Amino acid sequence: MPQEKNEHGDPMEGSQGVGSTVTARESGHHEHQVELSWWRRYVFSTDHKMIGIQYMITALFVTLFAFGLMVVMRWQLSYPGKPVPVIGPLLTAVFGANMAPGGVMTPNLYNSFGAMHGTMMIFMAVVPALFAGFGNFIVPLQLGAPDMAFPRLNMASFWSYFVGVVIMLVSFLVPGGAAKSGWTSYPPLADIADTGMGFEPILNGQTLWLIGMVFNITGSLLGSINIIATIIQLRAPGLEWMRLPVFVWSELVTAFLLLLAFPPLESAAILQLMDRLFGTSFFSPDGLVVGGRPWPASGGGSALLWQHLFWFLGHPEVYVTILPSMGIVGEVFANNTRKPLWSYKMFVYSMLAIGFISLLVWAHHMYMTGMGQSVSIFFQVFTIMISIPSIILGTVLLLSLWGGSIRFSAPMLFALAWLPMFGIGGLTGLPLGYSASDMVLHDTYYVIGHFHYMMAPAALMGLFAGMYYWFPKATGRMLNEFWGKVHFWMTIIFFNGIFFPMLIQGYAGVHRRWYDGGAGWQMAQPVLWLNHVMSISAWILALGQIPFIINFFWSIWRGKKVESDNPWQATTLEWATPTPPGHGNFLHPVEVYRDAYEYSVPGASRDFLPQWEREESRVAEPKLSSA
Amino acid sequence: MGAGRKQSRGTKTFLCITENESRDGTGNPVRHTTQPDTRSYNAKIGIWVCLAAEFMLFCRLFSANIFLRMRATH
């Protein structure tokens, strides 16, 4: 075979070009590559794919751990005051007889598990998996780039996040246990928590929470800078903005949200750290009395200031979790309906609108703080306004199904289930967006049910859809379809078994922070039985993840091998790489000739036209029946 | 870790370098020259984006301080 040359006349070291159907392993090219040690390739790697995998593995571990915390809490809610079966002795051994006497959860341990479940799930599991895990692995591939714009910064981002995770995990083992002031760490409670007798000045739960968050936020900022610069700078020739895959758009919007919303929380965490360590009183108000004695801090601080700084991140964080998930679902929908997304541009503009408006709605979490009516109206208007682009997004996906030739593959099942979960999560948010109805529902289980529908079923449906969809590109093997479907049905049924009863309990007035699940409250009695439904659902949901975990590890080594680099017959650039892609990704420079989702183009010989293929052999154009 | 082992596996070792990209000594493919459609280079974009984050960070720190000073009673 004659040696091919690129447009500059340089010989290319392989004639299996972009989009070939020969896998990396078979092609056997080894070009001029700097040899890296094992540590540099797998641990301190600067390759975006390895960093993506590191993010994903760490985040999945944290997800499992934080889910485990909740599984234990659900026992306490269903059977308050009874020893936790199986792991009760372990709780006593690890946390001591003060925190778990005889295997029974104390209120302190319950609060600690609750706060850390929220913190770790949101900041260290779902966002790192969706934004950083998929973002690192997929975005440069979809852009046709050899790596991220700043590979070393990318590594720093992961290790900063990793240190944050380690600090959070270590905080469980310090005297007094991990942080227990809720995932929101509201002062003045958080200012005074874990201080005094029996607590270390720095090695205590709340202080470690703050330090861990500063590391985590720093990692997120580095990651978002990198994603933004990569998307702006490293698009392949011909990859215009309106040809970008929707997942890339979702990552861009998410990165901007993280970039602009995380720094205020970082500043707030630093201020709270100063309150705790150096005796300042940014968040400690005048006249604060703790345990019958005036708090020694000077006063003059504002607890509400923390809430503003926290929720300025806290609300965009919801969209940080859901937008990448939305982007993944868009990719999977287009591929599995075998038709372009219905109104790609509306999808993109809606994501941009959501990103922008989400920065203007934070105080709807604070209607109960006594804000003035005009301020309240401002935040109500923008909160309700954000439902418009959200509904457009749902509509785009729904209409994309119309007339499609749908493949009910495992990733598509998860993506399809994303739609109703997103719908329930969004619609249940409307009563919370109006201050009048929020007054009634505030701090009830209704709120818990609402935001979990967004952050658990919806976000994780997208996560699983992405895992099943891109697993073959990362490993060269497919995940097992049958066990994927078992995993899907177990997940979707029992997710709803957990979260829908929360909405009912919330309407009945069950408070979100009751340690006994409502057993000691007269008005909660009619809905107490739902605690058992939720707890049993949570435990079965945990069992339902076992097929996925086994499938994941089994398929890495024993799964069915892919027969081409493009096993899903997709159109976007990540499928133009060898499988799995090497460091540098593409065998030769890649160019883009068409939009992202050219499926079922009339007259084309195949039902997909990849972005990277210059020419398509066409059959005769079909004539209009009326012609 | 030697080259022989790596080459014998015949995987994860190939890449391409276009006229805009080179290696920085650690195996990272990097782009030095200006991207045609943005007329900018990576570091310039990166530092402006980083400045946006820093702006938000210090704005919040200063505004928090000003807010507290303004309502201070003593």
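What follows is a set of questions and answers on the two chains and on selected residues.

Q: What kind of model is this, and how are its parts numbered and lettered?
A: This is a predicted model, in which local features need pLDDT of at least 70 and side-chain atom pairs count only at pLDDT 80 or more, while totals for chains, interfaces and linings use all residues. Residues are numbered from 1 along each chain as its sequence is written, chains are lettered from A and ligands numbered from 1 in the order in which they are written, and side-chain values use heavy atoms, with hydrogens and water left out.

Q: What makes up the secondary structure of chain A, and what makes up that of chain B?
A: Helices (H or I, at least four residues) and strands (E, at least two) are DSSP runs, numbered from the N terminus. Chain A has 20 helices and 2 strands, and chain B has 2 helices and 2 strands, which follow the pattern α-β-β-α along the sequence.

Q: How much of chain A is buried, and how much of chain B?
A: A residue is buried under 20% relative accessible area, exposed over 50% and partly exposed in between, with a 1.4 Å probe and protein chains only. Buried residues make up 62% of the 627 residues in chain A and 39% of the 74 residues in chain B. By the Shrake-Rupley method, with a 1.4 Å probe and, for residues, only the protein chains shown as cover, chain A exposes about 23,500 Å², of which carbon and sulfur atoms supply 69%; for chain B the accessible surface comes to about 4,500 Å², with 62% belonging to carbon and sulfur atoms.

Q: Why is T63(A) called buried?
A: T63(A) has a relative accessible area of 17%, which is under 20%, and therefore it counts as buried. This residue sits in helix α3 (residues 48-78) of chain A. Contact means heavy atoms within 4.5 Å, and T63(A) touches M121(A) and A125(A), not counting residues up to four places away in sequence.

Q: Why is H532(A) called partly exposed?
A: The relative accessible area of H532(A) is 30%, which falls between 20% and 50%, so the residue is partly exposed. H532(A) belongs to helix α19 (residues 529-544) of chain A and is in contact with S78(A) and Y79(A), leaving aside neighbours within four places in sequence. From C-alpha to C-alpha, H532(A) and L77(A) are 8.4 Å apart in space, although 455 residues separate them in sequence.

Q: What makes the phi angles of V86(A) and R338(A) worth a remark?
A: Most residues other than glycine have a negative phi. V86(A), which is not a glycine, has a positive phi of about 65°, and R338(A), also not a glycine, has a positive phi of about 55°.

Q: Is V86(A) buried or exposed, and is R338(A) buried or exposed?
A: V86(A), in the loop between α3 and α4 (88-99) of chain A, has 80% relative accessibility, which is over 50%, so it counts as exposed. R338(A), in the loop between α10 (303-337) and α11 (344-357) of chain A, has a relative accessible area of 3%, which is under 20%, so it counts as buried.

Q: Which residues does a cis peptide bond join at P188(A), and which at P580(A)?
A: Most peptide bonds are trans. A cis peptide bond joins P187(A) and P188(A), with omega about 5°, and P188(A) lies in the loop between α6 (151-170) and α7 (189-192) of chain A. Another cis bond joins T579(A) and P580(A), with omega about -15°, and P580(A) is in the segment after α20 (546-558) of chain A.

Q: Why are α14(A) and α18(A) called roughly parallel?
A: The axes, which are lines fitted to C-alpha atoms over the stretch in contact, with angles from 0 to 180 degrees between N-to-C directions, come within 9 Å for helix α14 (residues 410-427) and helix α18 (residues 481-507) of chain A and cross at roughly 10°. Angles under 35 degrees count as roughly parallel, over 145 as roughly antiparallel, 65 to 115 as roughly perpendicular and the rest as oblique, so α14(A) is roughly parallel to α18(A).
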